[in-house]
Amino acid sequence: MAKDFTKRSQDYSKWYNELVVKADLAETSDVRGAMIIKPYGFAVWEKMQAELDKKFKQTGHQNAYFPLFIPKSYLSKEADHVDGFAKECAVVTHYRLKNSEDGKGVVVDPKAKLEEELVVRPTSETIIWNSFKKWIRSYRDLPVKINQWANVVRWEMRTRLFLRTSEFLWQEGHTAHATKQEAVEEAELMLNVYADFVENFMAVPVLKGIKTESERFAGALETYCIEALMQDGKALQAGTSHFLGQNFAKAFDVKYASKEGNEELVWATSWGVSTRLMGALIMTHSDDHGLVLPPKLAPIHVAIVPIYRNEEQLEAISEKANALKSELEAKGLTVKYDDRDTYKPGWKFSEYEFKGVPLRIAIGPKDLEKGTVELARRDTLTKEFVDYNEVSQKVFTLLDEIQQSLYDRALKFREDSTQTVNNWDEFKAAVKKGGFVNAYWDGTAETENKIKELTKATIRLMPLDSKANAEQGECVLTGKKTNLLVTFARAY
RNA sequence: CGGGGUGUAGCGUAGCCCGGUUAUCGCGCCACGUUUGGGACGUGGAGGCCGCAGGUUCGAAUCCUGCCACCCCGACCA
């Protein structure tokens, strides 16, 4: 399995592709750009969903479901929005097939052309706001705070498993508020929910900030984002939250009667994270031995492998293993006792290692004699013998430790990979080296584009409070005085 | 959608330049036996429209044309 597995230093993207497939997370499908998420990969995604869903509900949101198909005319109601997505929309034009003339298959029935073509949703603002219009009459109907778990389609030229696929899974939150302040607070709140989740559950440290105008979501006034740094020094946008102002309320004519009896446009937000988080997870923690999963997202916390020479030994070991399994499961862990006799222990060790199972316990004849087990941790690849009576406690301690140490390790990597530069030569060298590069920027799209052209680096984010920054510096490209100290990187 | 590369068994490959018996090897798979503290070994077995469609030829995995898919590098993006 991990034999002939590409090392990160040899070819990082090959390493990633092989890891995703060999760890049984996902595979490519016959449909261009679309992926098949396999049970093991989906189990990780389900853990992410479960935690996020809990957080959304705790912050007052309700789940709902809106159609996959959006009437083409809806999409064009908000000008910036349609501009942003038009180039990557799949369109449904017909609703029926018929047998082909030569009898060898089916063809689209030209008679079954749709009056109005349907767009497969690239995101759902328009169809949701079309409903909000019907739902919202008075200030008493506000706020409306909806989330939906769904698939969306964005026709991509180049795709990579989890990182960019034509169809992907995500959640999209859509809220409507009476005041600007409330909407801005909502967008900021959800950004914090994401950051909290990504850092504490995925053990992936993130920077929080806002996007420049050119990187902003199509139709938003402000896009808040969290950015993570991958091991190859490239940044990955892990989640976004948008303050949409009144753009969609205007486009869909969503007004409410205020307490004072005035007719007012409502204020909007939307926010989402996708299966792309799986890519962030993989590229933050995994190593040349395969996947590394933080305990909070691991579908299997502990794998127990018996080592035996005869049936008698297996029985004695199984008794101990099953007792331990029950004890750990009673405390909420997922434990796999792998007593298959079709694979040898060494093979199983490698398999669980490759699949990122945080802890592995081996029980053999020597352990039976000494009353111990061998406990191995995935993140450090270290092993130790532990008294059987203490192993349960030790497992919990170690899982916490692994969760924390993965985060600490990733944070240290990010800090070591963050540079602050003051002039163009330093900037070029820093971007070439990789990682986050902090530099002053004069605030113009022109300079931003020029920098992107010259170095492939983009502004990943501006600090949340950048507008309040009193410090002055010189733009790294133009030398103009500016107070905008922003973070650049090459990005996924 | 531009430039480059690759398509041979589930996976990785030899053969292709220079056309010619039954398409090579490894891994994996199946059966039986021996094994089991870091990817076991033996014996036997199954598995191929040589990416697809045309063409050249007595004869094509091999030569020609077109198409498709995947990978890498650009443009676009979560």
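Helices (H or I, at least four residues) and strands (E, at least two) are DSSP runs, numbered from the N terminus. The structure is a predicted model, in which local features need pLDDT of at least 70, side-chain atom pairs count only at pLDDT 80 or more, and totals for chains, interfaces and linings use all residues. Residues are numbered from 1 along each chain as its sequence is written.

Helix α14 spans residues 445-455, and its residues T447, E448, I451 and T455 are buried, that is, under 20% relative accessible area with a 1.4 Å probe and protein chains only, whereas exposed denotes over 50%. Because these residues cover an arc of only 105° around the axis, they lie on the same side of α14; the arc is that of the directions from the helix axis to the C-beta atoms. E446 and E453 are exposed on the face turned away from the buried side. The cover over the buried residues includes α13 (424-433), β24 (458-461) and β27 (485-489), contact being heavy atoms within 4.5 Å. Just after α14, K456 adopts a positive phi of about 70°.

Five strands form an open sheet in the order β18-β17-β19-β20-β21, with mixed pairing; two strands pair if DSSP finds at least two bridges between them. At its edges, β18 (335-337) and β21 (383-387) each pair on one side only. Strands β17 (residues 302-306) and β18 run parallel and are joined by three bridges; K336 in β18 is the bridge partner of A303.

Notes: Chains are lettered from A and ligands numbered from 1 in the order in which they are written. Side-chain values use heavy atoms; hydrogens and water are left out.
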